[in-house]
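The structure comes first, then the questions.

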Amino acid sequence: MGYPHKPHPKETVLLSEYFGDAEARTYDGWIKRGGYKALEKALSMDRAAIIDEVKESGLRGRGGAGFPAGVKWNFMPKEPTGPHYLCCNADESEPGTFKDREILRWTPHALIEGCAITQYAIQAEVCYIYIRGEFTEAIGVMERALAEAYERGVLGGNAMGTGKRIDMYVHRGAGAYICGEETALMNSIEGKRGNPRIKPPFPAARGLFGRPTTINNVETLASVAHIISRGSQWYKSLSLNNPRSTGTKLFSVCGQVKKPGNYEVVMGFPLKDLIYDLCGGMNDGRTLKACIPGGSSVPILNREETEACLLDYEGCQEVGTMLGSGGVIVLDDSADMVYQIMRLAHFYAHESCAQCTQCREGTGWTTRILRRILAGEGEMKDLDLLLDLADHMTGRTICPLADSCAAPVVSGINKFRGEFEAYIKGEKPATLAAV
Amino acid sequence: MQAGAAKEPLTGNMDQTTQYKPVFVGERRQQLDDVFKHYPNKQAALLPALWIAQDEQGWISEATMAEVAEVLDLTAAYVKGVVTFYTMYHEHPVGEHFIQVCTTSPCNVCGAEGVVEAFLKHTGCGELGATSPDGKYTVIEVECLGACGFVTPVLIDNDFHDSVTVEKVPELLARYR
């Protein structure tokens, strides 16, 4: 993906407009591009009116769960009895996803603006931007932007000259996928191991430091300023015939495709157009075999399903998968599905926090069975064993990490069973050494 | 522990003949005191404190864990529990340059394993996690670095490198002599 970003005519650039534009990273550059006007407007509005506007816009969580943002904010107590917190989830670690990284790197003030508006709406004086430890460049850019925002009076004890206090800090993670799960993220900020918490209580009741807390994804928060400045009706109009999925969405496309990168399109955009048109299609001489449209935790689609899929929350559900984080992994006919599914299972085994037995044992067991098959030592009954294991890993744990490991395994076996059988029957030579 | 006070070697499996050099004195102490202002309690400063310590010492020894525990009013065992949870804190000394290559599926399918081999070969590390005989490099495979559209992403120390190919490895390493 080259910079500066030259959008494809079919893209609708809202969040990605200034990707690659270094001047937009500075406070002055951001002001020149119309920045902080939405925050100014929001601070003069009624808190309830901001929440209603965001609710009305239909903005849903961009981190994976797709929960309506305004509804989430509305869960926060209206009459605080102590501090409220906002956490910005910038622990982007879902394989296939790299959109938040671009927002952090190129438009840090867009994120600061969105966070500040949200903080005002939910009465949170403090916001922690939790950035994964590996995003060294993004952390540096974000910290410089925050220092500038304090210096120029956007943040601090007299935010935007209103006499209101708005504080914002970067909290650097230290290498743990699970800290992207909202309750694990809160534990990590509190100086604990990143183990997810049992819900309820939900964060809006008892969250960070035991106080009411809202956790939103980077892309969700960055969208808020646009809704405040241009209104919910305008935002709602950014949808291809589905009022339940509105606005634009950043899709990170990676894998075996000609032009991987971030593309911003209106909700409901056809997945096949994203791959064949915006991304320039498959590599020469290759054909599409499979696609994982929402980050590695969602079910794999075969070619027919991929070509029928509309990219919004409901469109993905219709073909049996999920929109997730919008990390689109494209695989062509040269990809070894068994190997790639093993690699994903290995990822989840590595990242399991090990609290729940089904996950701690299940992810490792799944990986070992898949390695056995790849080593040519699998048996037909291993496929049933994998499916049975997956069943015990779905919906039975504190957080959805185990489900995420099961999703590619189940969809992989159901849709590409022949590839597994070829290893088992010895029709395909082993790709891993026997263990 | 008071900044600047004479220190007895702290507990841990460190070499008892060497005096432990504390992290949180002078500027580093000031840095930590600034971090405290961001949080309602000291425990929340644990991850930032460990980052400061690793930045100073290159890794987190048991003695460092004991110092961090003391500074934050925690126990050393608790600190160890947290250090071992997160993959980015080094529990052992590593090479002067720490190289992390992403090999999760999207990178894997585009040839990341070849990039890992190239790093192992050109650094002389030989195997994953081992440090090269000259002490310069340690190479590890890492799970998703969150830059899947820029295969293969590689993190060298604090520098993020996009789109690393097998051919680019020697030239990249030349910048980390």
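Two residues are in contact if their C-beta atoms, placed from the backbone, lie within 7 Å. Keep in mind that this is a predicted model.

Q: Which residues of H14(A) meet which residues of H15(A)?
A: By that contact cut-off, Val338(A), Tyr339(A), Ile341(A), Met342(A), Ala345(A), His346(A), Tyr348(A) and Ala349(A) in H14(A) meet a set in H15(A): Thr363(A), Gly364(A), Thr366(A), Thr367(A), Leu370(A), Arg371(A), Ile373(A) and Leu374(A). Sorted by class, the contact of H14(A) with H15(A) has ten nonpolar, five polar and one charged residues.

Q: Why are H14(A) and H15(A) called roughly antiparallel?
A: The axes of H14(A) (residues 337-351) and H15(A) (residues 357-374) cross at roughly 155° and come within 8 Å. Angles over 145 degrees count as roughly antiparallel, and therefore H14(A) and H15(A) are roughly antiparallel to each other. The crossing of H14(A) and H15(A) is left-handed, too.

Q: What makes a residue of H3(A) buried or exposed?
A: Buried takes 20 or more other C-beta atoms within 10 Å, exposed 12 or fewer. In H3(A), residues 47-57, the buried ones are Ile50(A), Ile51(A), Glu53(A), Val54(A) and Ser57(A).

Q: What covers the buried residues of H3(A)?
A: The cover includes helices H2, H4, H6, H9 and H10 of chain A.

How values were computed: Residues are numbered from 1 along each chain as its sequence is written. Chains are lettered from A and ligands numbered from 1 in the order in which they are written. This is a predicted model: local features need pLDDT of at least 70, side-chain atom pairs count only at pLDDT 80 or more; totals for chains, interfaces and linings use all residues. Helices (H or I, at least four residues) and strands (E, at least two) are DSSP runs, numbered from the N terminus. Axes are lines fitted to C-alpha atoms, for helices over the stretch in contact, and angles run from 0 to 180 degrees between N-to-C directions. Angles under 35 degrees count as roughly parallel, over 145 as roughly antiparallel, 65 to 115 as roughly perpendicular and the rest as oblique. A crossing is left-handed if the near helix is turned anticlockwise from the far one by less than a right angle, and right-handed if clockwise. Ala, Val, Leu, Ile, Met, Phe, Trp, Tyr, Cys and Pro count as nonpolar, Asp, Glu, Lys and Arg as charged, and the others, Gly among them, as polar.
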